[in-house]
Amino acid sequence: MDNIISIQNVSKTYDNGFVALKNVNLDIKRGEILALLGPNGAGKTTLISAITGIVTTSGGSISVDGNDTVKEFREARKRIGLVPQELTIGAFETVWNTVRFSRGLFGKPYEPEQIESLLAELSLADKKDNQLRMLSGGMKRRVLIAKALSHEPEILFLDEPTAGVDVELRKDMWQTISKLRDRGVTIILTTHYIEEAEEIADRIAVINAGEILLIEEKAKLMQQLGKKQLIIELKEQADQLPTKLKKLPLELSSDGLSLTYTYDINADASGITSLLQDLKEEGLQMKDLQTTQSSLEEIFVDLVSRKGGAQS
């Protein structure tokens, strides 16, 4: 899979001295969904703004489908659709006219069939004649996506696409994003909802204090950085851990009825076999066993905390 966006040594320092981006290097693959995760002030929106030409970089280069975003701005920009975080749409225009106008801005001919199809895909067909002020927040966000897709771009940027959207509509939006990917659209989204990235992303990029901490396939990231826990339910209550077991990464629950053993899934040996033998020798009888694995949220929090958190 070739790269549709290539970011090389990009930096951004504002006039007040604030460094928003520090030598960012990132390649985005054609047709993938990339989730860009990071706390507030991490540089997510600045990076998107740099790629889309809203912000001028202080150094480095960015190319979109082989087009330099500075030297060949028009060619690069027409390949991109942008859904901003803010609901930046007028109140009294209709859904249809809003999408039609956005299409015209990119020099695309008026094609009612294309607009009809787009609105239907985003469940907006029955709202096409409604004024924007009559729509709910979730519907307005769908209109923003329709505007961004009106000129049939190959790349779609979604900056916090489900902010302020209820859970049901959020999952509906995830399905819409997946359908766009199936159609060949490359999607880059920033999000505060870790479960959003865990649900739909192909790869995860974590940014903090203007630096990319890592870029990895979602499944591989969770395998490499995740930890597993073995939860052991006991037949009888234990008052405390036996001395022999205190040296292990083992925690006794407050009610004394379960033990939690944390281990690295990539280690040569998990230590579970010897643990179970030790439990038997100490007279602790098992009632049941189950395992859990780190969520993407736990991995993310751990990564960011190791780097000292976001800078304001």
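1. Glu111 is partly exposed at a relative accessible area of 32%, where buried means under 20%, exposed over 50% and partly exposed in between (1.4 Å probe, protein chains only). Its salt-bridge partner is Arg103, with the closest N and O atoms 3.3 Å apart; the criterion is a side-chain nitrogen of Lys or Arg within 4 Å of a carboxyl oxygen of Asp or Glu. Arg103 counts as buried, at 2% relative accessibility.

2. Before going on, some housekeeping: this is a predicted model, with local features needing pLDDT of at least 70 and side-chain atom pairs pLDDT 80 or more, while totals for chains, interfaces and linings use all residues. Residues are numbered from 1 along each chain as its sequence is written, and side-chain values use heavy atoms, leaving out hydrogens and water.

3. Salt bridges come to 16 by that rule. Glu75 pairs with Lys78 at 3.2 Å, N to O, and also with Arg79 at 3.1 Å. Lys78 is partly exposed at 41%, whereas Arg79 is buried at 16%.

4. Just after α3, Gly107 has a positive phi of about 75°.

5. Now the rings: the charged end of Arg100 sits over Tyr110, 3.8 Å from the ring centre, and Lys12 lies over the face of Tyr14 at 4.8 Å. The test is NZ of Lys or CZ of Arg within 6 Å of the ring centre and within 35 degrees of the ring normal.

Note on methods: Helices (H or I, at least four residues) and strands (E, at least two) are DSSP runs, numbered from the N terminus.
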